Amino acid sequence: MLGASGFSSTNLSNTVAVIVREDDSIVLVDAGLSEATCSNPGKSVGHLRARFLGIKTTTADSVAVQLEQLGYRRQAVKAIIATHLHFDHVNGVRDFPSAELIVSKDELDAFSWRHTDFGYDKRDLKLEQRIVPVELDGDARDGFARSLDLFEDDSVHLLDTQGHTPGSIAVSIATSDAQFMHVGDAVYTVNELNLVNGSPISRVIRWNKDKYRVAASALRVAAKTQTLVPSHDAATFAALPKAPRARRAE
Ligand SMILES: [Zn+2]
């Protein structure tokens, strides 16, 4: 997992999952903020928004640069799975020229039509030619009403967690010895699952309360068998295995 502790006022992390496949191609879950945004957040996301969110980053915090420092080429990233399309999750997609962006169809529809959502930034996908919308039309799985076995090999499952946004998904990843679930912003912290109605930040930034509750109850069950990883949960990030453990591509 890679992260940037760039949200200084509240010390939020921004966790990206890195999946190195057997053919050495890389799949990311989310892409964080781009290299350009990290080098100058005020210019890229707006000075007001950057100040409001307290974003303090440098170029080295971008996922592309962190991967390169670990010995991975950014061209090796062939797919990015978006948990949802808020800018702090997909702004960095532009740094990966060989990657297609996999996103739930519901989320892409919301991104296209909801102009009032503070978290969507139309510029993020403006030039994007490689969007692959997917329907979660597989069976119910682990308490989630809809799912998709992305590579049809049981390694990566997309799970319906709509609530935070209309098409939010969680991504369950099986490694050789453990099971992780990147949940995006379905909940902001694992501890939030102890609160019936979510944390204050979740209550402010969510599209649908009832769907949020459905997702949260499925996540409570999932937490018993796998490690849940909310994007901005700094405590969870600190306890995760970090990317250098993986084999490096030549
Ligand atoms: Zn977020």
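I note first that the radius of gyration is taken over C-alpha atoms, and that the globule rule is 2.2 Å times the number of residues to the power 0.38. I looked up the protein chain: with 250 residues, a compact globule would have a radius near 18 Å, and the chain has 17 Å, which agrees.

I record that this is a predicted model, in which local features need pLDDT of at least 70, side-chain atom pairs count only at pLDDT 80 or more, and totals for chains, interfaces and linings use all residues. Residues are numbered from 1 along each chain as its sequence is written.

I found nine helices and 10 strands in the protein chain; these are DSSP runs (helices H or I, at least four residues; strands E, at least two), numbered from the N terminus.

I then followed strand β2 (residues 26-29). It runs antiparallel to β1 (residues 17-20), joined by four bridges; strands pair if DSSP finds at least two bridges between them. V20 has I26 of β2 as its bridge partner. Between these strands lie five residues, and D24 in this hairpin takes a positive phi near 70 degrees. With β3 (residues 77-81), β2 pairs in the parallel sense over four bridges, and L28 stands opposite I80.

I asked which way the side chains of β2 point: I26 and L28 point one way, V27 and V29 the other, and all are buried (20 or more other C-beta atoms within 10 Å of a residue's own; 12 or fewer is exposed, in between partly exposed; C-beta atoms are placed from the backbone).
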